[in-house]
Amino acid sequence: AESYTYLISDLMYTWVYDCLRAPTPMDVLPLLLSQFSSATDTVVIGQLLDVDHTTKRRVRTWEIETKHELKTAHYSFVFPMQIGQLLAHAHESLLSESIGVPLGMAYQLQDDLLDIVSDVATTGKTMCSDVYEGKHTYLTQFVREFGSNTDKHILSKYFGKRGGDVSEYELRMLFQDSGAIAFTRTKVDAYIEKAMKAVLAFPIAPNVQALWLDFFEALMTRET
């Protein structure tokens, strides 16, 4: 079954290029294919970092930030915006980077928070799965850098321990009482504010600015 998965994935990847070629004007096509290839390289590197981090007990904060920027910010926001600009024959600008990167970082940190503070009925995911799977996040990093010895012991007890005895309540209390949740929420707010400033500083129509601000609000209040 695993071999079939890999082969079908490879086949679908080649289909993407066919789908891009068919409707794209010839004057834009070379730039579009180049942009898509660059996006693929960046996202795969981010995913490799994510996988590599799960083999390590400790990573540095800048490594987590690099992973988030490559894997989430560029994949979900920067590259789609850049490809949209190309297809719309829009002038190249730094808007996709100045908005997309902080938006993507905020989105990823929201995901990390929801993994701790939400519930399976809302998200459809096992709660605290990042901890059980040994994924390094801002929350786990905060505990390792600023938590008490007791906090670090609790994190170590569950980190990377799939299938063992788990206590979602104990983990939630760990991240809440240590200040990790409050710290991460502060980082989300800071990234959103940075993206908002970029939108407001860019010469676009007021109705377009309003759409962006509505999107920021939806991002900050999402539950899934």
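**Notes on the pocket, core and rings**

1. Start with the largest pocket: helices H2 (29-53), H3 (61-87), H4 (95-117) and H6 (129-132) each put at least two residues into its lining. Helices here are DSSP runs (H or I, at least four residues), numbered from the N terminus. Keep in mind that this is a predicted model, where local features need pLDDT of at least 70 and side-chain atom pairs count only at pLDDT 80 or more, while totals for chains, interfaces and linings use all residues. Residues are numbered from 1 along each chain as its sequence is written, and side-chain values use heavy atoms, with hydrogens and water left out.

2. That pocket holds about 700 Å³ of space. It has 30 lining residues, and Val43, Gln47, Lys71, Thr72 and Tyr75 are the closest to its centre. By class the lining splits into 12 nonpolar, 9 polar and 9 charged residues. (On a 1 Å grid over the protein atoms alone, a pocket is an open set of points with protein on both sides within 12 Å along at least five of seven lines; a cavity is a set where a 1.4 Å probe fits but cannot get out; lining residues have an atom within 4 Å of a point.)

3. There is also 1 cavity of 30 Å³ or more. The largest cavity has about 40 Å³ of space, and H4 gives the largest share of its lining, 3 residues. Among the lining residues are Asp112, Asp115, Asp130 and Phe175.

4. Phe175 turns up again in the largest nonpolar core, 39 residues, where Ile99, Leu103, Val131, Leu171 and Phe175 have the most contacts. H4 gives the most here, 9 residues. (A nonpolar core is a set of buried Ala, Val, Leu, Ile, Met, Phe, Trp, Tyr and Cys residues joined through side-chain atoms within 4.5 Å.)

5. On to the rings: the whole structure has 10 aromatic pairs. Phe142 and Phe146 make a tilted one, 5.0 Å centre to centre with 45° between the planes. (Rings pair if their centres lie within 6.5 Å; planes under 30 degrees apart are stacked, over 60 edge-to-face, the rest tilted.) Both sit in H7 (residues 138-146), 4 residues apart. Phe142 is buried at 13% relative accessibility, whereas Phe146 is exposed at 55%. (Buried is under 20% relative accessible area, exposed over 50%, with a 1.4 Å probe and protein chains only.)

6. Phe77, Tyr107, Trp212, Phe215 and Phe216 are linked by ring pairs into a cluster. Arg222 lies over the face of Tyr107, 4.0 Å from the ring centre. (For Arg, that needs CZ within 6 Å of the ring centre and within 35 degrees of the ring normal.)

Definitions and conventions. Phe/Tyr/Trp six-rings, centres within 6.5 Å; stacked < 30°, edge-to-face > 60°. Points joined across faces, edges and corners; volume = space filled by probe spheres on them. Nonpolar A, V, L, I, M, F, W, Y, C, P; charged D, E, K, R; others polar.
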